[in-house]
Amino acid sequence: MKPLSIALLYDEPDPASYEAILLLDGEQTHRFATGEPSQDYVTAFAVAHHLRKPRPETLYHSSSIDHFQMDGGELKLGDWTPEEIAAAKVRAKAYMDGLGEA
(Lines give C-alpha, C1' and ligand atoms only; values in the text may rest on other atoms or scores of the structure.)
Protein backbone atom coordinates (compact mmCIF):
# COMPACT_ATOMS: atom_id res chain seq x y z
CA MET A 1 0.00 0.00 0.00
CA LYS A 2 1.47 3.32 -1.08
CA PRO A 3 1.45 6.22 1.38
CA LEU A 4 -0.97 9.08 0.88
CA SER A 5 0.23 12.52 -0.10
CA ILE A 6 -1.38 15.94 -0.28
CA ALA A 7 -0.47 18.54 -2.88
CA LEU A 8 -1.73 22.02 -3.70
CA LEU A 9 -2.43 23.02 -7.27
CA TYR A 10 -1.67 26.65 -8.18
CA ASP A 11 0.52 28.66 -10.56
CA GLU A 12 3.63 29.63 -8.61
CA PRO A 13 4.28 32.27 -7.34
CA ASP A 14 0.66 33.54 -7.44
CA PRO A 15 -1.47 32.27 -4.51
CA ALA A 16 -4.53 33.90 -6.12
CA SER A 17 -4.28 31.25 -8.85
CA TYR A 18 -5.24 28.52 -6.34
CA GLU A 19 -7.15 25.69 -8.00
CA ALA A 20 -7.39 22.70 -5.66
CA ILE A 21 -5.98 20.43 -3.00
CA LEU A 22 -5.09 17.00 -4.37
CA LEU A 23 -5.02 13.82 -2.31
CA LEU A 24 -2.94 11.15 -4.05
CA ASP A 25 -3.31 7.56 -2.93
CA GLY A 26 -1.13 5.77 -5.49
CA GLU A 27 -4.09 4.67 -7.58
CA GLN A 28 -6.39 7.66 -7.67
CA THR A 29 -6.19 11.43 -7.40
CA HIS A 30 -8.89 12.98 -5.24
CA ARG A 31 -9.55 16.66 -6.01
CA PHE A 32 -11.01 19.21 -3.59
CA ALA A 33 -11.74 22.57 -5.18
CA THR A 34 -14.13 24.84 -3.30
CA GLY A 35 -11.92 27.89 -3.83
CA GLU A 36 -10.96 27.91 -0.13
CA PRO A 37 -7.55 26.24 0.38
CA SER A 38 -7.95 25.66 4.13
CA GLN A 39 -11.43 24.16 3.72
CA ASP A 40 -10.20 21.92 0.91
CA TYR A 41 -7.18 20.85 2.96
CA VAL A 42 -9.16 19.82 6.05
CA THR A 43 -11.64 17.94 3.83
CA ALA A 44 -8.79 16.13 2.06
CA PHE A 45 -7.33 15.29 5.47
CA ALA A 46 -10.69 13.86 6.60
CA VAL A 47 -10.94 11.76 3.41
CA ALA A 48 -7.35 10.56 3.93
CA HIS A 49 -8.27 9.52 7.44
CA HIS A 50 -11.23 7.58 6.09
CA LEU A 51 -9.14 5.89 3.38
CA ARG A 52 -6.21 4.81 5.53
CA LYS A 53 -6.53 6.05 9.08
CA PRO A 54 -3.14 7.71 8.51
CA ARG A 55 -0.60 8.29 11.17
CA PRO A 56 1.54 11.41 10.64
CA GLU A 57 4.34 9.38 9.07
CA THR A 58 2.02 7.95 6.41
CA LEU A 59 0.53 11.22 5.14
CA TYR A 60 3.05 13.25 3.18
CA HIS A 61 2.87 16.84 2.01
CA SER A 62 4.13 17.95 -1.37
CA SER A 63 6.49 20.91 -1.48
CA SER A 64 3.66 22.80 -3.20
CA ILE A 65 2.08 23.21 0.26
CA ASP A 66 5.22 24.99 1.52
CA HIS A 67 5.63 27.00 -1.67
CA PHE A 68 2.04 28.25 -1.49
CA GLN A 69 2.59 29.50 2.05
CA MET A 70 5.99 31.03 1.22
CA ASP A 71 4.32 32.85 -1.69
CA GLY A 72 1.88 34.43 0.79
CA GLY A 73 -1.06 32.05 0.43
CA GLU A 74 -3.28 31.46 3.46
CA LEU A 75 -3.51 27.79 4.43
CA LYS A 76 -4.49 26.44 7.83
CA LEU A 77 -2.82 23.05 8.37
CA GLY A 78 -4.06 22.25 11.84
CA ASP A 79 -5.56 23.60 15.06
CA TRP A 80 -9.01 23.31 13.53
CA THR A 81 -12.04 24.23 15.60
CA PRO A 82 -14.58 21.53 16.45
CA GLU A 83 -16.95 23.21 13.98
CA GLU A 84 -14.35 23.06 11.18
CA ILE A 85 -13.71 19.38 11.91
CA ALA A 86 -17.43 18.55 11.98
CA ALA A 87 -18.01 20.37 8.67
CA ALA A 88 -15.01 18.60 7.09
CA LYS A 89 -16.37 15.22 8.21
CA VAL A 90 -19.70 16.00 6.55
CA ARG A 91 -17.97 17.05 3.30
CA ALA A 92 -15.69 13.97 3.44
CA LYS A 93 -18.65 11.64 3.95
CA ALA A 94 -20.48 13.22 1.01
CA TYR A 95 -17.34 12.82 -1.10
CA MET A 96 -16.86 9.19 -0.08
CA ASP A 97 -20.55 8.43 -0.65
CA GLY A 98 -20.10 9.73 -4.20
CA LEU A 99 -17.23 7.29 -4.68
CA GLY A 100 -19.27 4.40 -3.33
CA GLU A 101 -16.89 3.99 -0.37
CA ALA A 102 -19.09 5.15 2.52
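These exercises walk through a predicted model of one protein chain.

Residues are numbered from 1 along each chain as its sequence is written. In this predicted model, local features need pLDDT of at least 70, side-chain atom pairs count only at pLDDT 80 or more, totals for chains, interfaces and linings use all residues, and side-chain values use heavy atoms, with hydrogens and water left out.

**Exercise 1. List the elements of the chain and check its overall size.**

Step 1. Count the elements. The protein chain has three helices and four strands. Helices (H or I, at least four residues) and strands (E, at least two) are DSSP runs, numbered from the N terminus.

Step 2. Read the order. From the N terminus the elements run β-β-β-α-β-α-α.

Step 3. Test the size. A compact globule of 102 residues would have a radius of gyration near 13 Å, and the protein chain has 13 Å, so the two agree. The radius is taken over C-alpha atoms, and the globule rule is 2.2 Å times the number of residues to the power 0.38.

Step 4. The C-alpha trace spans about 35 × 30 × 25 Å along its principal axes.

**Exercise 2. Check the length of helix α1 and find what covers it.**

Step 1. Compare spans. The 16 residues of α1 should span 22 Å at 1.5 Å a residue; the end C-alpha atoms are 22 Å apart, which agrees. The expected span is 1.5 Å times one less than the number of residues.

Step 2. Pick out buried residues. Buried means under 20% relative accessible area, exposed over 50%, partly exposed in between (1.4 Å probe, protein chains only). Those buried in α1 include Pro-37, Asp-40, Tyr-41 and Val-42.

Step 3. Name the cover. The buried residues of α1 are covered by elements including β1, β3, α2 and α3. Contact here means heavy atoms within 4.5 Å.

**Exercise 3. Classify two of the aromatic pairs.**

Step 1. Set the rule. Rings of Phe, Tyr and Trp (its six-membered ring) pair if their centres lie within 6.5 Å; planes under 30 degrees apart count as stacked, over 60 as edge-to-face and the rest as tilted. The structure holds six aromatic pairs.

Step 2. Take Phe-32 and Tyr-95. Their ring centres are 4.9 Å apart and their planes at 50°, so this pair is tilted. Phe-32 is in strand β3 and Tyr-95 in helix α3, 63 residues apart. Phe-32 is buried at 6% relative accessible area, whereas Tyr-95 is partly exposed at 21%.

Step 3. Take Phe-45 and Trp-80. The centres are 5.4 Å apart and the planes at 55°, so this pair is also tilted. Phe-45 lies in helix α1 and Trp-80 in the loop between α2 and α3, so the pair ties together parts 35 residues apart in sequence.

**Exercise 4. Locate the salt bridges.**

Step 1. Set the rule. A salt bridge is a side-chain nitrogen of Lys or Arg within 4 Å of a carboxyl oxygen of Asp or Glu. The structure holds three.

Step 2. Start with Glu-19 and Arg-31. Their closest N and O atoms are 3.7 Å apart. Glu-19 is in the loop between β1 and β2, and Arg-31 is in strand β3, twelve residues apart.

Step 3. Go on to Lys-76 and Glu-84. Their side chains meet at 2.9 Å, N to O.

Step 4. Finish with Asp-97 and Lys-93. Their side chains meet at 2.8 Å, N to O. Both lie in helix α3, four residues apart, about one turn of the helix.
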